[in-house]
Amino acid sequence: MSELLVDFITSLDGYASGEGWPGFWGLEGPEYLAWLGEQPEATYLMGANTYRLMSGFAAGEVPGGQDEFRPEEEASVDELTQASKVVFSSSLEEPLTWANSTLVRDDAVEAVRAMKSSGLGLLSTIGSLSLCRSLLRAGLVDRFRVVMFPVITGATGEERIYDGYPDVALEMTGHRTFDGRIQLVEYRPRVLEHPPLGVPA
């Protein structure tokens, strides 16, 4: 049985990105980058919007507000290019141009359920907020990992991660601080039908 990891990087206030901010909010450090380089090989799962964005970066499109990629951003995109990727979309057309990408038009939840049963190694999401939400609701997520960067993007934040989520109980399985400022927390998630307090036993 494969393990499914939902993996987010966020601002402290739960945004996936911010207008005018560079990747990693410009706050990545050597400890965090070294840890990224140590991560096990995974098959990355994403939706059409994330595919369009990331494949654009791989083709040389620079994020708005930047003149060029920083070395850390280039390295991150290069690693993703080499990795196996599964893209769930009914709007994209084959063949996908980003290397090592497979298009799946079937229902994402059922497709991921089958991928987990096949036991083909670690599955990990990248971005793709609605996909992550669907997989969590379906009870398919084994690990929920968040790396929080020390910035609040109340004025410029984009892509609020947790909007539309169900209530979820989180059992902490790990935590770490990188470079004295970046906080990682990892949990085992359990979707709740109702809040646990005030409910008769």
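Biologist: At 47% relative accessibility, what does Gly164 count as?

Modeller: This is a predicted model, where local features need pLDDT of at least 70 and side-chain atom pairs count only at pLDDT 80 or more, while totals for chains, interfaces and linings use all residues. Residues are numbered from 1 along each chain as its sequence is written, and side-chain values use heavy atoms, with hydrogens and water left out. Buried means under 20% relative accessible area and exposed over 50%, with partly exposed in between (1.4 Å probe, protein chains only). At 47%, then, Gly164 counts as partly exposed.

Biologist: Where is the place of Gly164?

Modeller: Leu27 makes a handy landmark: 137 residues along the chain from Gly164, with 28 Å between the two C-alpha atoms. Helices (H or I, at least four residues) and strands (E, at least two) are DSSP runs, numbered from the N terminus. In those terms, Gly164 is placed in the loop between β8 and β9.

Biologist: Leaving aside its neighbours within four places in sequence, which residues is Gly164 in contact with?

Modeller: Contact means heavy atoms within 4.5 Å. With the sequence neighbours set aside, the partners of Gly164 are Arg133 and Arg137.

Biologist: Let's step back to the whole protein chain. How many helices and strands are there?

Modeller: You can count along with the structure above. Going through the protein chain gives five helices and ten strands.

Biologist: And what is the radius of gyration of the protein chain?

Modeller: The radius of gyration is taken over C-alpha atoms, and the globule rule is 2.2 Å times the number of residues to the power 0.38. For 201 residues that rule gives 17 Å, and the protein chain comes close to it, so it is as compact as a globular protein of that length. The C-alpha trace spans about 60 × 40 × 30 Å along its principal axes. The radius of gyration itself is 17 Å.

Biologist: How much of the protein chain do buried residues make up?

Modeller: The protein chain has 201 residues. The buried share of the residues is 43%.

Biologist: How far apart in space are Trp25 and Phe149, C-alpha to C-alpha?

Modeller: Along the sequence, 124 residues separate Trp25 and Phe149. In space, their C-alpha atoms are apart by 7.5 Å.

Biologist: What separates the C-alpha atoms of Ile126 and Gly154?

Modeller: Ile126 lies in the loop between β6 (123-125) and α5 (129-137). Ile126 is buried, because its relative accessibility is 17%. Beyond its neighbours within four places in sequence, its contacts are Tyr44, Leu45, Met46, Thr50, Met54 and Leu80. Gly154 is 28 residues from Ile126 along the chain, and their C-alpha atoms are separated by 23 Å.

Biologist: Which residues does Thr81 touch, not counting residues up to four places away in sequence?

Modeller: Look for Thr81 in helix α3 (residues 71-82). Thr81 has a relative accessible area of 16%, so it is buried. Past its sequence neighbours, Thr81 touches Ala58, Trp98, Ala99 and Asn100.

Biologist: Now for the backbone. Which residues does a cis peptide bond join?

Modeller: Find the loop between β4 (84-88) and β5 (101-104), where Pro95 lies. The cis peptide bond has an omega of about 0° and joins Glu94 and Pro95.

Biologist: What is the phi of Glu159?

Modeller: Glu159 belongs to strand β8 (residues 157-160). Glu159 has a relative accessible area of 45%, so it is partly exposed. Although Glu159 is not a glycine, its phi is positive, at about 65°.

Biologist: Last one: is Asp179 buried or exposed?

Modeller: Asp179 lies in the loop between β9 and β10. It is a residue other than glycine with a positive phi, near 55°. Its relative accessible area is 17%, so Asp179 is buried.
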